[in-house]
Amino acid sequence: MRRSQRNNLTQPNHLELPAYDEIGLVLQGGGALGSYQAGVYEGLAEVGVEPTWISGISIGALNTAIIAGNAPGDRVEALRGFWNTICQPADMFGHVGALVPTVFGLPDVARKWSSMWAATRALTEGQKGFFAPRVPVPIAGLAKKQPNQVSFYDTAALRETLLRYANFDRINDGDVRVSVGAVNVRTGNLVYFDNTKMRLAPEHFMASGALPPGFPAVEIEGEYYWDGGLVSNTPLTEIISESQHKDALVFQVDLWSARGTLPGDLLDVAERAKDIQYSSRTRAITAFVSQNQKHAQLIKELLEHIPEKVRRTHPLMKEAQKAADGGVVNIVHLIYKDKFFEGHYKDYEFSNDTMGEHWTSGLEDIRRSFGNPQWFEIPSRDLGCVTHDVHRYEPAPAASADEERAVQARSEPDDAEAKELTGAG
């Protein structure tokens with residue numbers, strides 16, 4: 001049955017969408033950057049768009065629990081409560097350290113100092129309601145321990161925080177499908193915990209965010225699981241693969257950008273490596289969907305040359321007809337853009353100030369996306385899959401000829417990436 005967003009006169013900014021079969025929300029992993037996703041969700045709530053399926057990994061899984069675990073009208077408030085719990089204000093040393101360069105007219109230096117100090121505090125102190133340093137730290141070469149005891153930090157506090165801000169009965173019995181990805185430590189396979197196939201508990205979401213060696217593996221029914229981002233940090237394929245015969249609108253919220261500037265020192269190298277490692281492979285996925293749609297069109301044309309009686313009775317013809325009835329996918333891509341003061345530590349910098357800036361960026365990006373209503377129309381079936389991204393259309397600053405050639409080279413389609421899913425030789 002098709003689902004649609006109906007006009008609500010009590011919401012003057014309400015957005016009426018075409019009758020998509022599925023409205024997906026895909027939330028990537030990225031630690032402290034995840035408040036950007038909360039801002040995006042606030043923008044969705046403003047116009048009355050309610051996802052029918054939310055899929056997340058790592059911090060995206062934790063945001064998924066908060067959203068799906070609350071009634072639509074309570075979700076933004078619950079997200080604020082969650083993020084205000086796990087983030088912290090600056091301490092005295094942070095305030096004083098930022099004040100000195102400000103007095104000398106160097107506000108940018110002050111902001112960078114504040115960010116670096118907040119990340120240092122996270123490493124040494126942990127985060128309230130999230131993780132705390134494990135004492136003593138397991139030392140390699142001594143007595144072996146269970147996987148859930150081998151990590152630098154203990155995440156027991158996270159379970160209580162999730163129970164405080166998410167109703168797990170609502171997650172399991174509500175009308176939103178939920179899928180969160182984690183890696184089986186023993187087999188190395190990526191698995192999705194899905195509320196249409198099992199009852200979900202806090203442990204399933206904690207497992208999705210158990211990034212080693214910082215966080216411990218989470219035991220579920222005798223198996224141990226780590227962060228799903230070790231295999232794939234963007235759960236877009238989970239929604240795409242199960243929506244092949246549906247028209248789907250997907251809001252994909254990424255925290256790492258595949259494209260960036262060339263690194264100039266070792267700290268830049270560390271940051272750029274994270275960006276590449278954890279960024280999504282959206283182009284590969286869209287190429288895969290488009291190729292499938294072309295195949296479906298070809299099958300549909302071939303079926304027109306088969307006698308109607310054969311099409312109605314032959315089992316192979318019925319399967320072919322099913323394959324020909326493919327859906328289309330419209331991806332609204334929202335990608336966090338780094339702030340000037342951030343570095344390689346941006347995914348564990350949990351200060352209140354930075355959290356607020358991330359949140360505001362997400363809210364602004366989704367509002368700008370909604371300023372392009374044509375993006376939300378159901379795509380042509382000849383295309384199969386389309387993507388939209390507000391940052392794609394931003395005017396670029398003036399560049400030298402050498403810089404323009406470098407940008408052009410970086411913008412060429414990644415054939416190897418597309419072949420990864422399409423299987424092209």
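Is valine 150 buried, partly exposed or exposed, and what is its relative accessibility? The model shown in these views is predicted.

**View 1. Valine 150 sits in the loop between β3 (132-133) and β4 (153-154).** Valine 150 counts as partly exposed, because its relative accessibility is 45% and that class lies between the 20% and 50% cut-offs. Isoleucine 139 is eleven residues away from valine 150 in sequence. The C-alpha atoms of the two residues are 9.0 Å apart. Proline 136 also lies in the loop between β3 and β4. The peptide bond leading from valine 135 into proline 136 is cis. Its omega is near -5 degrees.

**View 2. A cis bond links proline 212 to proline 213.** Omega for this bond is near -5 degrees. Proline 213 belongs to the loop between α8 (202-208) and β7 (218-220). Most peptide bonds are trans.

**View 3. The second largest pocket has a volume of about 670 Å³.** Its lining is made up of 32 residues. Closest to the pocket centre are Leu211, Gly214, Phe215, Asp347 and Tyr348. Helices α2 (59-68), α5 (107-125) and α10 (266-278) are the elements that each give two or more residues to the lining. How many of the lining residues are nonpolar, polar and charged? The lining has 20 nonpolar residues, nine polar ones and three charged ones.

**View 4. Helix α10 has its buried residues on one face.** The helix has 13 residues, which should span 18 Å at 1.5 Å a residue. The end C-alpha atoms are 18 Å apart, so the two values agree. Which residues of α10 are buried? They are Glu271, Arg272, Lys274, Asp275 and Tyr278. Seen down the axis of α10, these buried residues fall within an arc of 155 degrees, so they line one face of the helix. Leu266 and Gln277 are exposed, on the face turned away from the buried side. At the start of α10, aspartate 265 places a side-chain oxygen within 3.1 Å of the backbone nitrogen of leucine 267.

**View 5. Helix α6 (residues 156-165) has buried and exposed residues on opposite sides.** Leu158, Thr161, Leu162 and Tyr165 are the buried residues of α6. Around the axis they cover an arc of only 100 degrees, so they lie on the same side of the helix. Glu160 and Arg164 are exposed on the other side of α6.

**View 6. Aspartate 254 and histidine 333 are joined by a side-chain polar contact.** The contact is 2.7 Å. Aspartate 254 lies in strand β9 (residues 248-254). Is aspartate 254 buried or exposed? Aspartate 254 is buried, because its relative accessible area is 1% and the cut-off is under 20%.

**View 7. Serine 58 has a positive phi of about 60 degrees.** Serine 58 is not a glycine. Most residues other than glycine have a negative phi. Serine 58 is found in the loop between β2 (53-57) and α2. Serine 58 is buried, with a relative accessible area of 12%.

**View 8. Glutamate 221 has a positive phi of about 50 degrees.** Glutamate 221 is not a glycine either. Its place is the loop between β7 and β8 (223-227). Is glutamate 221 buried or exposed? Glutamate 221 counts as exposed, because its relative accessibility is 81% and the cut-off is over 50%.

Key. Residues are numbered from 1 along each chain as its sequence is written. This is a predicted model: local features need pLDDT of at least 70, side-chain atom pairs count only at pLDDT 80 or more; totals for chains, interfaces and linings use all residues. Side-chain values use heavy atoms; hydrogens and water are left out. On a 1 Å grid over the protein atoms alone, a cavity is a set of points where a 1.4 Å probe fits but cannot get out, and a pocket is an open set with protein on both sides within 12 Å along at least five of seven lines; lining residues have an atom within 4 Å of a point. Grid points are joined across faces, edges and corners, and a volume is the space filled by probe spheres set on the points. Helices (H or I, at least four residues) and strands (E, at least two) are DSSP runs, numbered from the N terminus. Ala, Val, Leu, Ile, Met, Phe, Trp, Tyr, Cys and Pro count as nonpolar, Asp, Glu, Lys and Arg as charged, and the others, Gly among them, as polar. The expected span of a helix is 1.5 Å times one less than its number of residues. Buried means under 20% relative accessible area, exposed over 50%, partly exposed in between (1.4 Å probe, protein chains only). The arc is that of the directions from the helix axis to the C-beta atoms. A polar contact is a pair of N or O atoms within 3.5 Å; within protein, one must be able to donate a hydrogen and the other to accept it, and residues adjacent in sequence count only if both atoms are side-chain atoms.
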